[in-house]
Amino acid sequence: MRRAASLGALVAILPPPRHPVLGVLETLGFRGSAGEVSRAALTSRPNLLSAVWSASSMWAANAATVSAGPARRDGRTHLSIANLSSSLHRSLEPTSTFETFRQVFHDASFAVHPPLASKHSLRDEGAANHMRLCDATGRLGVDIFVYGGDDQDSDDQRSIGRQSLDASMAVARIHGLNLENTLFLRQHPAAIRAGAFHNDVVAASYQNVWLHHELAYVDADETIYAIEKRFREVTGDTLHRVLISEREHSLDDARKSYLFNSQLISLPNSNQMALLCPANVKEIATANKVLDTLSERCPLVVQVETVELSQSMNNGGGPACLRLRMPMTRVQWESISQSIKFTPGKADRLCELIDSTYPAVIEIGDLADESLLATSRRACDAMYAELLPIN
């Protein structure tokens, strides 16, 4: 957040859901006090205990899908909370996320929608599978939803992916998007098999810039031509698209470097951009070569920065995973509580809170320790007091 803010981005901080969600264990038949429930789960089903403690909400790109006001018939910014139904630990987030978003985006210019039904055929993982390609004002553009192969389309279950077509189409309808300017791309099975289960692992986009891997999409030539054509018709501008071939940067290297999970940020008072990359790109020769020539292939990207995110990367998330891009007007920004807006002082206070409460190491057995539970609850209370104080 510090690095993004230093580059000129407006940054707000969403508090994490309160954890652990021990009520889930109670619905699964574990009985007793918090400590007894935790110890019983640790003994018989430690995977369930781990799930209710999960901190995966840090990957805010999966929290919701956002449609910019100008793309909507009613002019409001629409947010649909993702159901995250593909995995147990993430499916515990949406209820809390919905409540938090309704509190944060309370102004009438926002519409916050509940998650879709938690069904496999409606699996939805949010903005990680959505792109808005538009002009600099954000008023004119196209929306692109990326989905994995549906069950009936693939004999290879590893190629199904975390986002369904039905979910993507439902979100587009709920948001009232102009379907003439809304396109649906199927993610390439090879990308999913390589570990790119979200589009933002094989593509990065912002305004009129779109970087993507050669094997990001099925029928890429035909569908991308349609997107470029529609973009020109809608905006009168050219889409700056950079295709990275499998030869120059393989899917395997892309998964290791998370080059495409970098964050494009507008630089102040210009139409130029910076690319905020995970430090892992330095370790992959092909990623470095791509970055060395990026400004030649896309003159709008004039600056490349790296940030150390090893803990997030070890669990599968880079800079783009750690943020939910929220297009909004200056008036909308002013409507949001000052308490969640990033400042260096607020960052210092949160870091002090983390350093003073969270253990440096947690083993699976520690999750049944009642003292850790008490510490976690105190830390959550302190974080909410800092970010979303009750007036």
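I started with Cys351, which at 36% relative accessibility counts as partly exposed; the term covers the range between buried, under 20% relative accessible area, and exposed, over 50%, with a 1.4 Å probe and protein chains only. This is a predicted model, so I kept in mind that local features need pLDDT of at least 70 and side-chain atom pairs count only at pLDDT 80 or more, while totals for chains, interfaces and linings use all residues. Residues are numbered from 1 along each chain as its sequence is written, and side-chain values use heavy atoms, with hydrogens and water left out.

Cys277 is in no disulfide either, as the nearest cysteine sulfur, that of Cys298, is 13 Å away. With a relative accessible area of 0%, Cys277 is buried.

**Aromatic rings**

Next I looked for ring pairs, taking Phe, Tyr and Trp (its six-membered ring) with centres within 6.5 Å; planes under 30 degrees apart are stacked, over 60 edge-to-face, and the rest tilted. The whole structure gave me four aromatic pairs. One of them joins Phe105 and Phe110, tilted, at 5.1 Å centre to centre with 50° between the planes. Both Phe105 and Phe110 are buried. Trp210 and Tyr217 have ring centres 6.0 Å apart and planes at 50°, so I noted this pair as tilted. Trp210 is buried at 0% relative accessibility, and Tyr217 is buried at 2%. Phe101, Phe105 and Phe110 make one aromatic cluster.

**Charges over rings**

Here I needed NZ of Lys or CZ of Arg within 6 Å of the ring centre and within 35 degrees of the ring normal. Arg18 lies over the face of Tyr384, 4.2 Å from the ring centre. The charged end of Arg162 sits over the ring of Phe197, at 4.0 Å from its centre.

**Nonpolar cores**

Last came the cores, sets of buried Ala, Val, Leu, Ile, Met, Phe, Trp, Tyr and Cys residues joined through side-chain atoms within 4.5 Å. Which residues have the most contacts inside the largest one? They are Phe101, Phe105, Trp210 and Tyr217, in a core of 60 residues. Apart from this core lies another, of 22 residues, including Tyr206 and Leu259.

Note on methods: A disulfide is a pair of cysteine sulfur atoms within 2.5 Å.
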